[in-house]
Amino acid sequence: MSEPIIRMEGIKKIYPDGTVALRGVTFEVLPGEIHGLLGENGAGKTTLMSILYGIVPLTSGRIFIKGRQVRVTSPNDAMRLGIGMVHQHFMLVPVFTALDNIILGAEPRKKGFLIDRKEAERRVMELMERVALKVDLDAPVETLPVGVRQRIEILKMLYREADILILDEPTAVLTPIEVEELFSFLRRIREEGKTVIFITHKLKEVKAITDRVTVLRKGLVVGVRRTRDVSMEELATMMIGRKLTGVEKSEEVSPREDYLRIKDLWVRNDRGGYAVKGVSFSVRSGEIFGIAGVEGNGQSELVEAICGLRPPEKGDVYIRSKRVIGLNPMELYALGLGHIPEDRHKWGIILEFSLKENAILGVHRSKRFVSRYGMLDEPRIREWTESIIKNFTVEAPGSDFPAKSLSGGNQQKLIVGRELSKEPSVVIASQPTRGLDVAATEYIRKILIRMRNKGKAVLLVSADLDEVLSLSDRVAVMYEGEFMGLVHPSEINRERIGLMMGGLRLEAIS
Amino acid sequence: MRTCDDLRNHLRPVVESSLSLLAGFLAGGIIIWAAGFNPILFYEALIAGAFGDIYSTLNTLSYSTPLILTALSFAIAARASLFNIGAEGQMYFGVLAAVSIGAFIALPSVMHQLCIITLAILLGGLWGAVAGWLRVSRGVNEVVSTIMMNFLALYLVNYLATYVFYDPLQAYKTKSILPSAELPLMVPGTDLSLAFLLSIATAMALYILLWRTPLGYEIRAVGLNPSAARYGGIDVKRTMITSMFLSGATAALAGAFEVMGRFYYTDTGLSIVRNMGFDGIAVSLVGRNHPIGIILSSIFFAMLKTGIQAVQRSTSVGGRTGVPLELGLVVQGIIIIFISIPEMLDLIRRLRGRREV
Amino acid sequence: MDTSMLFILLQAPLYLGTLRLMVPITLPAIGEIITERSGVVNIGLEGIIMLGALASVYVGYFTGSLLLALLAGILAGVCVGILHGIISVYLGGDQIIVGVGVNVFAYGLGVITLYLSWGTFANSPLIPDSARVPDLHGISPFVVLTFMSGVTAWYLLERTSIGLRLKAVGENPKAADAAGINVFRTRFVATVIGAVFAALGGTFLGLDWLASYTRDISAGRGFIALAMVVFSKWNPILAILSGLLFGFFFALSLTIPSGIIPDQLVWSLPYAATLLVAAGFFTKTRAPAAIGKPYRRE
């Protein structure tokens, strides 16, 4: 076996806010291989590669490239070492032509400062010829489809003579045909002796394209395998792990009527493509309906569409048999919707606002809080806030303090408290325990179960499979905007869920 | 420990504003010194001139009146995270309302004033709302649109003053408003008219609006976190336009009150109010876009004005009769520049740390 | 009236006036285009024009040296540019607020200098002839400079690697950073260059056209220049054309006997036209995507 071209040794990364992303990872890539880096969201894949590319500084550890220890503190360093990275969010200038984007920062020049576009074009053409990857060089990038933009990103790296190419979830934006094209391209450049690191959470892709695979889970390497020696089931188990947290669900509540019904819902993402492709389901009173899946498969857009934050393209949403398409969030809350949003700092809370002000977000115009003269009713708001603080054990210095003075867990409790105090009949909880410590996580899970037991319909969306499986009565697995299948957690094993998360349909694996 | 931190967080803006004021004063002092005066004596005379006796104090308060209003105008837009530098133009519409209704329509007192105020609010508010609408529906940055609209307002009002509302006897100015439209002086012999009380009342009203009503809640939510505002069911676009309306209306009050309570006419070039809209930006920034802070910083900036006027008249400071009023602008400019530096305290701390290392 | 209009339109002074009036608005506009293409807004142009004029007139008056006066004007631009650049680029401060501060400061400093140096509040005495910019064949060299600057700036932006990088920084600083371009330095330099152009506009007013400093010397030209940047869609060549257009209308309003067309209407034109263009009523315009946003590395 040859000497590794990349060796990252004992890499640790702790972010300034204390989040531990990598707990001592050792990662090796052999020259001329396509190496898969597999893991769930938050496993540390992107962080590890960002360290290699010089965007994220490491906390401790050593990096060797071609046997030599190096320090990579900027993308420039990485490029000098022959490393190129294609980010998940492309680093392109939309108004520039493809050619200008490719040569940016490494323009061939004449007379010292003029760009020699002829020479640039010649070189890029030659490169495109060699690797059989074609793009229209004169078109502004913003007019090109994402698949082509990705090719531009790859060309940009190859133009800078990268011989190690990192691709971060490259198939996320591609159509199946484009994926095939990308794969055959990767095989071609492997023939040329280039090394490829392929970040993904999709098992099929690991099997389809990689030579070896490293599996990361929660900042640690769980295994390195030769791809042909490992089955998808095995990879699924490695990626997801077996840890189960104990949440007892107490009594069975027999679900009754449909409180939330979704019919053939189609929702576009910000880039204009479909993120949700004709999803139908209903959530009954007294049940927790879980949606599992790797993040970015349309869950966020689905929730936003249900909660009035993103107009769906077509389809229907009913809350207790009332069609609610086109209503704004405030109207939805009045109809009995409670929404615990996935990104609490973006949606759920205004950090500079006091707890009182945050406690009435969305119900601030309801009669309960507006006095006869159109003023906000201070005493009632205070009373309301203090009851949330008490009932949901929010640790707060007082209701007049800004929300940013609370810890993350207490901010989330405040949001949960606010949403549940509205006495909703339907509760949408999106990633409700993300980033919380163990105690707060347990607490919020218990609350969700209590809501179920009180006869509310709870829709739980979470990338944490343990959470979904242990809390839900029924689970749908979402992949690229569609449900791969609907299962009862007690009747399915984790491997099969893992396969569904990786894009296989329930019918195909049973 | 927590309360200590909290206190520090509350004091922080006050300290940063004070540092900016100090920097402005220091730079002003250097210029005074370069001009051959003793800066300390100069500032003593300035403060004495502004607050030395009851009359000068009342005059200082009088000068703070338009500043309070134009600063509130800036602040209410800023609370919705809009940078309205159009108070200047919006204010001209208040002048227009005052001279048109005030001089050309006879009405009983009180009614007369109320009509002017209503028209000023409508014209200024709509002028501001146009900029808000351009922002939310056509994507025009409000900084660009309000700069353009300031000039359009100037030329429009200038045209109307010159050709429609002019005084046939003295063509450089409009006709004076009728006594029934005047705001009475609160203390005879000073410039302090009822306008001062009205502007304080406006500050209080806006304070209540911003912190005690659902609309104010929505304006602040939109300014701090538009996504969360949307999540809370707030119509972000409508709220932005509303805050621009309020902003323009408040600025227009400044123009109307200057005519009704001080000059009773305007020169056709509007020099009686020129730049007061821009002054409001500095006042509001120093007052941290808060009505109470704005009242205090208005008085501070008014002090610069009346104080320097007093220094001009005094002979005790130096051999010369004085320095131009524009010294106040130099001080003001430097204050604004310092205010623009973010986290100034952290910066100073870091610089100090570096030196110690 | 028709014949008198025709008469005016055929007169040389109208066109010479156009050329003269375009210079102090077009030079700052060209500079601002460079600054804004890098993602920085400088609304302190008005103030920089004043400071450029003030510095050059002051030095010209007291030394009688054209060279020193020119240098002083440029130096004023460099200083404000550095100040603006440090605050808005390196410290991540609010670009608009800095600009407002510069405008207020410059106006005040101008009047104070008038008073302290010449004992007047209105305008300085004329500078000595030795410090005046001589005309070349009846045309100010500043006119030539303006045209050359516009073309050069266009060439710089569209044909050179510096220009490509500058535009990348203004459109997507993250992508530029990932391509190894120093976002901060690029923006800083673009800010200083823009300020120097604005100061040159002021220098023209002080050493050429008026040969003195007056308290309202800038007379809103900095704001017209800001309007022109939008009007000309951030293109220096179009900035020259819009400078000629606006200059022509101003010259016309000076030439036409008053009363025929209200002056206010003519003066309003650049602002109204710009507002309509910015709102996309005639053509599509698009500001640099990252304009006005301080860049911070994560």
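With which residue does Lys134(A) form a salt bridge, and how far apart are the closest N and O atoms of the two?

Mentor: Lys134(A) forms a salt bridge with Glu129(A), and the closest N and O atoms lie 3.9 Å apart. A salt bridge here is a side-chain nitrogen of Lys or Arg within 4 Å of a carboxyl oxygen of Asp or Glu. Side chains of opposite charge can pair when their charged atoms come close.

Before we continue, please note how the model is to be read. It is a predicted model, in which local features need pLDDT of at least 70 and side-chain atom pairs count only at pLDDT 80 or more, while totals for chains, interfaces and linings use all residues; side-chain values use heavy atoms, with hydrogens and water left out. Residues are numbered from 1 along each chain as its sequence is written, and chains are lettered from A and ligands numbered from 1 in the order in which they are written.

Consider next how open the two partners are. Lys134(A) is partly exposed, with a relative accessible area of 48%, whereas Glu129(A), at 57%, counts as exposed. Under this scheme, buried means under 20% relative accessible area, exposed over 50%, and partly exposed in between, using a 1.4 Å probe and protein chains only.

Another pair involves two chains. Glu218(B) forms a salt bridge with Arg365(A), with 2.9 Å between the closest N and O atoms. This pair crosses between chains: Glu218(B) belongs to helix α8 (residues 214-224) of chain B, and Arg365(A) sits in the loop between α12 (355-359) and α13 (378-391) of chain A. Helices are DSSP runs of H or I with at least four residues, strands are runs of E with at least two, and both are numbered from the N terminus. Glu218(B) counts as buried because its relative accessibility is 4%, while Arg365(A), at 41%, counts as partly exposed.

A salt bridge may also be part of a network. Glu9(A) pairs with Arg7(A), the closest N and O atoms being 2.8 Å apart, and Arg7(A) is partly exposed at 25% relative accessible area. Salt bridges link Arg7(A), Glu9(A), Glu28(A) and Arg62(A) in a network. Over all chains, the count comes to 45 salt bridges by this rule.
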